[in-house]
Structure formats: C-alpha cells, structure tokens
Amino acid sequence: MSAPGLLGIMRLIVARDLKLAVRHWDQVVQPLIFFVIVTTLFPLAISPALDELRRIAPGVVWVAAMLASLLSLESLFRPDVEDGTMEQWALSAQPLSILLLAKTFTHWLLSGLPLVLMSPVVGTALGLPASVWPVLALSLALGTGSLSILGAIGAALTVAVRRGNVLLALLVLPLEMPVLIFGARAVDLAMQGESVVGPLNLMAALLLLFASLGPIAMAAAMRISVET
Amino acid sequence: MSQPSSDSTAPLLRASAVHLWRGDKHLLRGVNLTLQRGELLQIVGPNGVGKTSLLRCLAGLLPMESGEVHWEGRPISECRDVYQRALAYLAHANALKNDLTALENLRFSVGLRCTVTDEMLLDTLARVQIAHCADLPARALSAGQKRRLAIARVLLTNATLWILDEPITNLDVAGIELFERCVAEHLERGGAVLTAAHQLLLTGRPNVRTLELAA
C-alpha cells in the first residue's frame with residue numbers, strides 16, 4: 001500500500017465533493033439562481049432604457065457575483081468540521097493546505113464557473129453588447145477564483161463560531177473590494193471600447209497571489225478551528 | 001535523547017506531565033503514560049474527567065499547556081508526519097458523509113492515506129460484517145453499523161497506533177466480540193492501542209492495562 005501523491009489526493013477530494021454536490025444539487029444551484037434573479041431584477045426596477053442600464057450593468061453584475069459567492073461559503077467547511085472529517089484530514093499526514101485548496105477549487109467549479117457560463121444571459125438582460133461578453137466572462141472567471149479563495153480563508157476562520165455568517169461577511173467583503181473594483185472597471189472599459197489589459201492583468205495577479213498564499217492561511221485558520 | 005533516528009529501546013508512545021486547562025478548569029493534572037508495542041492501554045474515569053481531551057492531546061489535535069508526548073523517543077512536534085502516518089484516530093464522531101454510500105465513504109477516507117483497491121475495501125466491510133450495506137448511503141445505516149464502518153476505516157489505514165475514543169459505543173454483543181478480535185490481532189502483529197472506555201475490553205490479559213483519571 002503506497003501513499004498517494006498530492007495530485008491523487010486533490011483528485012480524490014474534488015471527486016468526493018462533486019459527488020456530494022450532485023446529491024445536494026438544490027443547495028448547489030442556489031448561488032446561481034440568486035445571481036440570475038438579482039441581475040434581471042434591475043431592468044424591472046430601474047428602467048428598461050438601454051443606455052441607463054448599460055451604465056450600471058458592470059457594477060450590478062459584480063456586486064451580485066460577490067454576494068452569490070458569499071451565499072455558499074457558510075457550507076464550504078462546516079459539514080466536514082461537524083462530522084469529524086476535518087479532524088481526520090488534519091491527522092492524515094497530508095498537507096492540510098493542499099486538501100483545503102482542492103476543496104476550494106471544487107467550490108469554485110460549483111459556484112464561480114456557473115456564473116461565468118451564465119454571464120451572456122445576464123449581459124443580455126442588462127443590455128450589454130455582445131462584444132463585451134468575452135471581457136465580462138473573463139473578468140468573472142479571474143475574479144470569482146479570487147473570491148472563492150478569500151472566502152475560504154474567512155470560512156476556515158469562522159467555522160468554529162456558531163452562526164458565523166455575519167462575521168464571515170464582515171471579514172470577507174472588505175478584502176474582496178479590489179476584485180470588485182477591477183472587475184467592474186474592466187467591463188466598463190470594454191463598453192467604452194478601450195483597452196482592458198490593465199484591470200485584467202491586475203485581477204490575474206491577485207488570483208495568483210491568493211492561490212499561492214491563500215492555502216497556507218486556510219490551513220493555519222483551520223487548525224485553530226479544529227482544536228476547539 | 002539527542003539522536004535524530006528513532007530509538008528502539010524507547011517506548012512506542014510516552015507522555016510525561018501532560019497539563020491541560022479547558023476554560024478555567026484544570027482538566028489534566030500531570031498525566032504520565034507509556035505504551036509499548038503489543039499493549040492495550042484503556043483510560044477510564046467518570047464523565048467529564050478529560051479522557052477525550054487526553055486522547056486529542058496525544059493525537060496532536062489539541063495543544064497542551066505543558067508536558068511532552070514522545071513517539072519512539074522523539075517529540076511528536078518534531079516528527080509529525082511520521083507520527084501521523086503511524087496513527088489511526090477514531091473520535092466520537094464517525095467522520096462519515098450521510099450522502100455517500102458505505103463503500104464511497106471508505107474509499108474517500110482511506111484513499112487520503114494509502115492507495116487501496118475496491119476489493120480490499122469490500123473485504124474489510126465483510127470483516128466488520130456490513131458487506132451487504134456497501135452500496136447503501138450512510139444515512140440508511142444504523143448507529144452500530146456506522147460505528148462498524150468507522151472501525152473498518154481504522155483497520156484499513158495500516159497504522160501502528162490506534163487511538164480510539166469509546167470505540168464500542170452503539171455496538172451490539174457480536175460487534176463487541178468482533179472488535180475485541182480485531183484489537184487482539186492488531187496487538188499480536190506488534191501494534192498498540194489506546195482507548196477511552198467505560199467498558200473494559202480483553203480483561204485479564206497480561207498486555208492489557210488501565211489508567212484511571214481521577215476527577
């Protein structure tokens with residue numbers, strides 16, 4: 001019996017979480033439905049006039065994406081901590097940071113990627129021209145990755161706190177500001193026909209930063225949470 | 001003990017002067033214990049005396065205020081990976097996912113530690129006599145069957161030291177007998193077992209000891 005490699009255990013965790021998600025699909029589609037409903041409510045509430053909608057569209061999409069990613073964070077680690085799985089992971093002689101990164105990646109697959117795929121629909125509802133869709137999708141792809149990782153750090157810190165939702169939002173939302181600003185700015189620039197390289201590069205840099213250092217912070221936070 | 005390699009004359013596990021505070025309660029007041037290969041040590045004492053906390057300290061899950069835990073002569077903080085590979089820990093919670101089948105639960109939990117085939121998993125399920133439940137979701141299992149599934153995980157992890165927190169909770173008479181056989185075999189192979197227990201196992205054998213924690 002040989003020890004499995006790091007890629008092997010990451011695959012194992014992704015497979016496990018996807019399987020659990022399929023059996024809990026009603027919880028999984030919640031953020032996506034929230035995202036679609038919130039963004040399509042704006043034309044109804046404000047005005048269907050295209051130029052007015054286009055002005056607010058980048059901000060609306062990004063705020064909705066941020067709140068949608070927050071929705072599913074509460075249940076990211078809590079079930080595993082409560083049923084003792086996390087304790088077993090902490091004792092598994094495998095790096096906890098890698099295990100949690102795999103879990104966060106699955107979280108992105110289930111909560112971030114659907115938003116990216118749904119962005120043309122939402123873009124249409126808000127009157128964004130088709131030429132902007134690729135930038136919208138790309139900014140969401142880069143940005144939701146960062147949101148998932150930042151959210152996972154917050155979730156690991158607050159998982160031992162009963163009813164930690166509010167604390168989690170207070171902790172995570174301010175940290176996510178740069179992602180929101182650059183994401184909305186990229187879409188805005190694309191609509192004015194200007195170069196979007198600047199904000200997209202910055203978002204990619206943020207994603208790399210969070211993906212490299214985030215898992216260490218998650219593991220440290222989780223070890224403290226498991227102790228109690 | 002300055003040599004870095006493991007010391008063959010040192011006991012497998014040694015804890016000295018373990019002190020632990022929980023809130024403002026001084027729970028563990030200088031607990032000492034040693035465990036050799038082939039030995040079963042059962043920690044007994046009334047509820048709330050700190051049996052679970054002691055096991056969690058020894059497993060390295062809970063940092064203690066003072067005291068040392070040595071694995072083969074080395075502090076566990078210095079050889080965490082070696083120690084964790086040699087350790088199987090069974091808590092109160094069975095660490096099972098209700099939405100996964102018994103077989104899937106086993107595959108995902110054991111798969112983190114060693115590569116196993118479905119055949120080995122099914123063999124072990126048969127050994128703890130729940131082979132017929134392999135494809136049932138864990139939520140459909142009874143409390144005793146869940147405990148057997150958690151024990152199957154311990155059997156499969158190939159560990160030297162088992163730290164088990166009240167392992168026979170919810171087990172029926174046949175289950176307890178089965179579990180005693182598993183423990184006896186593990187001891188014969190040179191393993192060691194540490195349990196917190198209300199009901200003593202394998203009483204009367206020379207390699208079985210108890211440690212009483214007083215309130």
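Predicted model: local features only at pLDDT ≥ 70, side-chain atom pairs only at ≥ 80, totals over all residues.
Reader: How many helices and strands are in chain B, to start with?

Author: Chain B has 6 helices and 9 strands, and along its principal axes its C-alpha trace spans about 50 × 40 × 35 Å.

Reader: And what radius of gyration does chain B have, against what a compact globule would have?

Author: Chain B has a radius of gyration of 17 Å, which agrees with the value near 17 Å that a compact globule would have with 215 residues. Buried residues make up 41% of those 215 residues, and among contacts with a separation of 6 or more, 70% are between residues 24 or more positions apart.

Reader: Switching to the sheet, in what order do the strands of the open sheet in chain B come?

Author: The open sheet consists of 4 strands of chain B in the order S2-S1-S4-S5, and the pairing is antiparallel. S2 and strand S5 (74–75) of chain B stand at the edges with a single partner strand each, so one side of each has no neighbour in the sheet.

Reader: How many bridges join S1 to S4 of chain B?

Author: Strand S1 (residues 13–22) and strand S4 (residues 66–71) of chain B run antiparallel and are joined by 5 bridges; as one instance, Arg14(B) has His70(B) as its bridge partner in S4(B).

Reader: Back to S2 for a moment: does Val31(B) count as buried or exposed, and why?

Author: Val31(B), which is found in strand S2 (residues 25–35) of chain B, counts as buried because it has 21 C-beta neighbours inside 10 Å, where the cut-off is 20 or more.

Reader: Which residues does Val31(B) touch?

Author: Leaving aside residues up to four places away in sequence, Val31(B) touches Ala15(B), Val18(B) and Leu54(B). Ala15(B) is 16 residues from Val31(B) along the chain, and the C-alpha atoms of the two are separated by 7.3 Å.

Reader: Which residues have the most contacts inside the largest nonpolar core?

Author: That core has 126 residues, and those with the most contacts inside it are Val61(A), Ala156(A), Leu87(B), Leu161(B) and Ile163(B). Helix H9 (residues 133–158) of chain A gives the most to this core, with 13 residues. As for Leu161(B), its contacts beyond four places in sequence are Leu12(B), Leu13(B), Ala86(B), Leu87(B), Ala192(B) and Leu194(B).

Reader: Last topic: how many residues of chain B are in contact with chain A?

Author: There are 27 residues of chain B in contact with 23 residues of chain A. Helix H2 (80–85), S6 and H3 of chain B each supply at least two residues of the side that touches chain A, and H3(B) gives the most to that side, with 4 residues. By type, the residues of that side of chain B divide into 15 nonpolar, 6 polar and 6 charged.

Key
Residues numbered from 1 in each chain as written. Chains lettered and ligands numbered in written order. Core = buried A, V, L, I, M, F, W, Y, C linked by C-beta atoms within 7 Å. Buried ≥ 20, exposed ≤ 12 C-beta atoms within 10 Å, placed from the backbone. Contact = placed C-beta atoms within 7 Å. Nonpolar A, V, L, I, M, F, W, Y, C, P; charged D, E, K, R; others polar. Rg over C-alpha atoms; globule rule 2.2 N^0.38 Å. Pairing = 2+ DSSP bridges.
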